[in-house]
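Morning, everyone. Please have the sequence and the model up on your screens.

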There are 2 protein chains.
Amino acid sequence: MSRPQPQKRATVHDIAAAAGLSRGTVSRVLNGGYVSAEARSAIETAMTDLGYVPNNAARALKTRRSQAVAFVAHEPHSLFLDDPNIGAIMLGANAALSLADHQMVSLVVESTRDNERVARYLSGGFVDGAIVVSARTKDPIIKVLSDLALPAAFVGHPPDLDQNIPFVGIDNVGSAVAITEHLLSTGRRRIGMIAAALDRDSGIDRLNGFRAALGDLFDEELIADVPHYDYGSGVKGMRDLLQREPAIDGVFAASDAIAAGALEALREAGRSVPGDVGLVGFDDSTWAVRCQPQLTTVHQPAKELGACAAQMVLRQLRGEHPETVGQLLPTPLVLRDSA
Amino acid sequence: MSRPQPQKRATVHDIAAAAGLSRGTVSRVLNGGYVSAEARSAIETAMTDLGYVPNNAARALKTRRSQAVAFVAHEPHSLFLDDPNIGAIMLGANAALSLADHQMVSLVVESTRDNERVARYLSGGFVDGAIVVSARTKDPIIKVLSDLALPAAFVGHPPDLDQNIPFVGIDNVGSAVAITEHLLSTGRRRIGMIAAALDRDSGIDRLNGFRAALGDLFDEELIADVPHYDYGSGVKGMRDLLQREPAIDGVFAASDAIAAGALEALREAGRSVPGDVGLVGFDDSTWAVRCQPQLTTVHQPAKELGACAAQMVLRQLRGEHPETVGQLLPTPLVLRDSA
DNA sequence: TACGGATGTGTGAACGTGCACACAGTAGGA
DNA sequence: TCCTACTGTGTGCACGTTCACACATCCGTA
């Protein structure tokens, strides 16, 4: 019935003409203002009839708003895939943004070259704001954002973060204390930790919490320091610990992926979990339930973190100043079979 | 030294004035055309001095090009996280697009409501093209794309895909034949399959390949049909198979995640792998090396699939018609320990 | 009657860019 | 000498929208 209507898209002019009104009134229907009921309904039917969709580029040009927010992930690609956490954060942010009619544009920073590309992109007016995850200490992006005064929010917070940039995170110290105390409560006394990513706040804080919870039982020798939160690091770290202290009876792995790797190393060394060694992880990711035995771990509300960061950016875009600069989300302990 | 320069961004006018030339010449420097060497260098220094970045919105408005390509993933969120494959495809596409100065915008389709949102988005001129992964048979998005005549490419191809829309994929049938023949070559005779996602080309093709390779040995009873390519489905499917045929000695899992789940079910039933049962997967994802024993599987070039789809869209944007409508990438067998 | 406010509508001017066109100068060939 | 082709540059307009402003109408009240 209807013609294929190949490329012509309806504009405000077209629907104004169809409704017998002016461009201004159409604009007011879209953006709010005084419009009579008849005018509004006439325009709305015209819009559905002609299948009107506002032209984003024109709107962006005039309003100086792109309706897009960058999601900057500072991770090597491989880790991006290996760590389900970051994916969940991204999905949470995406959901919150699209609910507010904003588009998420994801940028992966891997090399220094990428860093420049992203800086140029952020300063190019392509986005109205930015969500940054897993930034490092002394990350150049922190300075870029400060200089641009671009509305932003961090997931996690590097210690040198600008005071005015809001962040959302979890209480890594408190969570580490809680899970370590759980290990202690099951009677473990020679407890080690596979600590990862010590160039980031999350890594440092988990180690500090562990140290604080153990008190006199803490032994520097029982810390294995690995670069990433991944499976391979877990295998390596656990082998290391076993060599240094064969009598080890408890391990706090800085992530579930690391715990899974540790489990493998323990199995290969003939130790049973939780019989010989109690093992706990961190994240409550899909890893936790995949393992045999399933992992006792700290639940990290990844989706909520992303959503919360998105809200923080959106609030700034609405001109509101975030009443809380930093926000910490709760992290319940999840008790399963590994400790 | 330089003033903070709070919000004013340089425009073509500004650099034209700074270089003592006209807007037109600046535009020609940016987009090609006759420009003298002196004029070009004068403009280029003015651009770097003023930190000029072209205004995307204005350019998009004028050229009717957004320089953005949608990445449409038709997956439940949970699967998006569970399946590393799709993440790798996304990263491959992203890399190829940003190399060509295009932005990738990822859209996750989960519910029918999402479907409408995406259709509206695609028809809204926000993107110049679309990459679609894991579309279902009779997916409404196929019709939307055909109607819009939007440059697109599919990863994988539903049988009812429009003849003119290019796709890239792997030879699922051939790969399934190859891996099944490997199982046969190790002496297995009662071979079952955990088949998944039979509403998609990949799922159907893997099953068909399996059937073809087995010939007379094929037994309908030894097919467990599960909905998704995930771990949980693997556990369930394998339990099912074990109950139907305790003497089963080989299993082809439709994905590595499924194989990992199957491994768990086999362990729980006291069967050894590869001793009692030979097990093979599909994807060569991180799952394959995490398992104990590591999985023999089919390597799926996920990143390349994404990159290839991106190229197909870019070619169309350049006005070239893709010389090959469909392209299949090679999938080498990876022999490890599980069979 | 006149006035001020609330409500409703139309109009012109931008936003920053690319492109068609006009124009100018030079060189080569008939 | 004139015509054409090529190189190089400037100018006006349009892309589709929003926003400030002007204008018009209606009401209640001084």
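I'll take a sheet, then a helix pair, then the surface near the DNA.

First, the ground rules. This is a predicted model: local features need pLDDT of at least 70, side-chain atom pairs count only at pLDDT 80 or more, and totals for chains, interfaces and linings use all residues. Residues are numbered from 1 along each chain as its sequence is written, chains are lettered from A and ligands numbered from 1 in the order in which they are written.

Now the sheet in chain B. Four strands make an open sheet, in the order β7-β6-β8-β9, with parallel pairing. Strands are DSSP runs of E, at least two residues; helices are runs of H or I, at least four, and both are numbered from the N terminus. Strands pair if DSSP finds at least two bridges between them. β7 (223–226) and β9 (278–280) of chain B are the edges; each has a single partner strand, so one side of each lacks a neighbour in the sheet.

Next, chain A. Helices α9 (172–185) and α10 (201–214) of chain A pack at about 45°, axes 7 Å apart. Axes are lines fitted to C-alpha atoms, for helices over the stretch in contact; angles run from 0 to 180 degrees between N-to-C directions. Contact means C-beta atoms, placed from the backbone, within 7 Å.

Last, the DNA. How many residues surround DNA strand C? 27, and Ser22(A) and Asn55(B) are among the closest. Near means a C-beta atom, placed from the backbone, within 6 Å. Helices α2 (23–31) and α4 (56–63) of chain A, and α2 (23–31) and α4 (56–63) of chain B, each supply at least two residues of that surface.
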